[in-house]
Structures are given as structure tokens and as C-alpha cells.
Amino acid sequence: MDGFEACLTLVYGFNTVEQRKVLWSNLNDISTQVAKPWIIGGDLNAMLCTQDRMYDNLVAMSEMVDFSDCIHNLFLNELSWKGEYYTRSNKQQADDRILSRIDRVFGNDLWMTNWGHVCTEYDVPLISDHSLMLLNIKTMRSTIKPPFRFFNVWTDHKEFGNIVMSI
């Protein structure tokens with residue numbers, strides 16, 4: 001890991017859709033300055049799909065679209081993860097309980113190429129209403145051939161599909 005350089009952006013997202021628009025714009029601005037492996041993570045206070053909230057009103061498309069567009073436009077991929085799916089609990093019981101998946105970690109293509117094996121571990125919320133997030137960044141020495149990985153963002157590259165293979 002000698003000489004490894006990366007960028008880390010920690011996020012605490014606002015509670016409203018309108019306030020988060022500034023966050024998505026700021027991440028876009030930051031991305032233009034980043035030419036290294038980059039990870040973005042934290043409490044984004046936003047969801048990517050309807051299953052990201054449980055025991056409350058359904059997630060509206062308006063809650064997801066800006067976040068989804070930001071992730072897509074910045075060519076980010078969520079790091080693999082293990083542990084609890086819902087990362088926030090309102091700590092209530094029975095009918096008042098709400099669970100949400102609003103804490104995440106994403107990496108750019110350089111991060112995924114070099115450090116795609118890094119996994120986010122989510123533990124159950126204890127004192128906080130959010131799950132503990134742990135990234136264990138260490139070099140893995142393995143004799144097992146890594147699986148082929150294909151990132152959907154590659155298809156957005158202007159040269160995708162223009163490669164001719166000769167045997």
C-alpha cells in the first residue's frame with residue numbers, strides 16, 4: 001500500500017429533496033477535480049429504490065431521481081457490502097418503526113479498478129440511529145483468480161462497442 005493515493009468525500013445529506021440538490025451539484029463539481037481513486041460515503045439521507053424504506057410511506061420517485069442521476073452522471077458504483085441492509089432505524093417499536101437504507105459508500109472507476117475488493121460492513125445500530133460503517137482497506141493476497149467484473153458505466157464511454165478483436 002506504499003504510495004497509494006485516493007480521495008475520500010464524507011457526506012451528511014440534508015433531510016429534504018430540495019436541500020440535497022445542492023449536495024448533488026457539489027459532488028459533481030468535486031468530480032471534475034478528482035483524477036485519483038475516489039470514494040464517497042456517509043449518511044446521504046437519500047434512497048435509490050423503493051425497498052430502501054420499510055414500515056413507512058412508500059419511497060416516491062422524486063426522492064430517488066436526483067440521487068440516482070448523480071450516481072449515474074459521476075460513473076459511481078456502490079462498494080460491495082455485507083451486514084444489515086437497513087442502515088438507519090428511528091428506534092421506535094411496532095407501527096411507529098421506520099427502517100431506511102440511507103448510508104452508503106460509492107467509488108469511481110479508478111477506485112473500483114484498484115480497490116473493488118474493499119467491502120463496506122454495516123453493523124446493527126447501537127447508540128446511534130445509524131449503523132456503524134466499516135471499510136477494511138488492506139491488500140488481499142489471494143491465489144484465487146478474481147471474478148470477471150463488468151461495470152454498467154463502461155457502456156457510457158464513447159468508445160464502447162467500437163473495439164474490434166482479432167484472434
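Student: Where is the place of Ile-39?

Tutor: Ile-39 has its place in strand 2. Helices (H or I, at least four residues) and strands (E, at least two) are DSSP runs, numbered from the N terminus. The structure is a predicted model, in which local features need pLDDT of at least 70 and side-chain atom pairs count only at pLDDT 80 or more, while totals for chains, interfaces and linings use all residues. Residues are numbered from 1 along each chain as its sequence is written, and side-chain values use heavy atoms, with hydrogens and water left out.

Student: Is Ile-39 buried or exposed?

Tutor: Buried means under 20% relative accessible area, exposed means over 50%, and partly exposed lies in between (1.4 Å probe, protein chains only). With a relative accessible area of 5%, Ile-39 is buried.

Student: Which residues is Ile-39 in contact with, leaving aside its neighbours within four places in sequence?

Tutor: Contact means heavy atoms within 4.5 Å. The partners of Ile-39 beyond those neighbours include Cys-7, Leu-8, Val-105, Trp-111 and Leu-135. Cys-7 is 32 residues away from Ile-39 in sequence, yet the two C-alpha atoms are 6.4 Å apart in space. For the protein chain, residues 24 or more positions apart account for 69% of the contacts with a separation of 6 or more.

Student: In what order do the strands of the four-stranded sheet stand?

Tutor: Two strands pair if DSSP finds at least two bridges between them. In this open sheet the order is 1-2-8-4, and the pairing is mixed. The edges are taken by strand 1 (7-12) and strand 4, each with a single partner strand, so one side of each has no neighbour in the sheet.

Student: How many bridges connect strand 8 with strand 2, and how many with strand 4?

Tutor: Five bridges pair strand 2 with strand 8 (residues 103-107) in the antiparallel sense. Within strand 8, Gly-107 is the bridge partner of Ile-39, and Arg-104 stands opposite Gly-42. Strand 4 and strand 8 also run antiparallel, joined by two bridges; here Asn-77 stands opposite Gly-107.

Student: How are helix 1 and helix 2 placed relative to each other?

Tutor: Two packed helices are described by the angle between their axes and the distance between the axes. The axes of helix 1 (residues 17-31) and helix 2 (residues 61-73) come within 10 Å and cross at roughly 5 degrees. Angles under 35 degrees count as roughly parallel, over 145 as roughly antiparallel, 65 to 115 as roughly perpendicular and the rest as oblique. Helix 1 and helix 2 are therefore roughly parallel to each other.

Student: Which residues meet there?

Tutor: Helix 1 contributes Val-17, Arg-20, Lys-21, Trp-24 and Leu-27, which meet Ser-62, Glu-63, Asp-66, Phe-67 and Cys-70 of helix 2. By class, this contact has five nonpolar, one polar and four charged residues. Ala, Val, Leu, Ile, Met, Phe, Trp, Tyr, Cys and Pro count as nonpolar, Asp, Glu, Lys and Arg as charged, and the others, Gly among them, as polar.

Student: What is the arrangement of the three-stranded sheet?

Tutor: Its strands form an open sheet in the order 5-9-10, with mixed pairing. Strand 5 (81-83) and strand 10 (133-135) are at the edges, each with a single partner strand, so one side of each is left without a neighbour in the sheet. Three bridges join strand 9 (residues 120-122) to strand 10 in an antiparallel run, and Tyr-122 has Met-133 as its bridge partner.

Student: Which value of phi does Asn-45 have, and which does Phe-75 have?

Tutor: Asn-45 has a phi near 55 degrees, a positive value in a residue other than glycine. Asn-45 lies in the loop between strand 2 (38-43) and strand 3 (53-54) and is buried, with a relative accessible area of 14%. Phe-75, likewise not a glycine, has a positive phi of about 55 degrees. Phe-75 lies in the loop between helix 2 and strand 4 (77-78) and is partly exposed at 36%.

Notes. Axes are lines fitted to C-alpha atoms, for helices over the stretch in contact, and angles run from 0 to 180 degrees between N-to-C directions.
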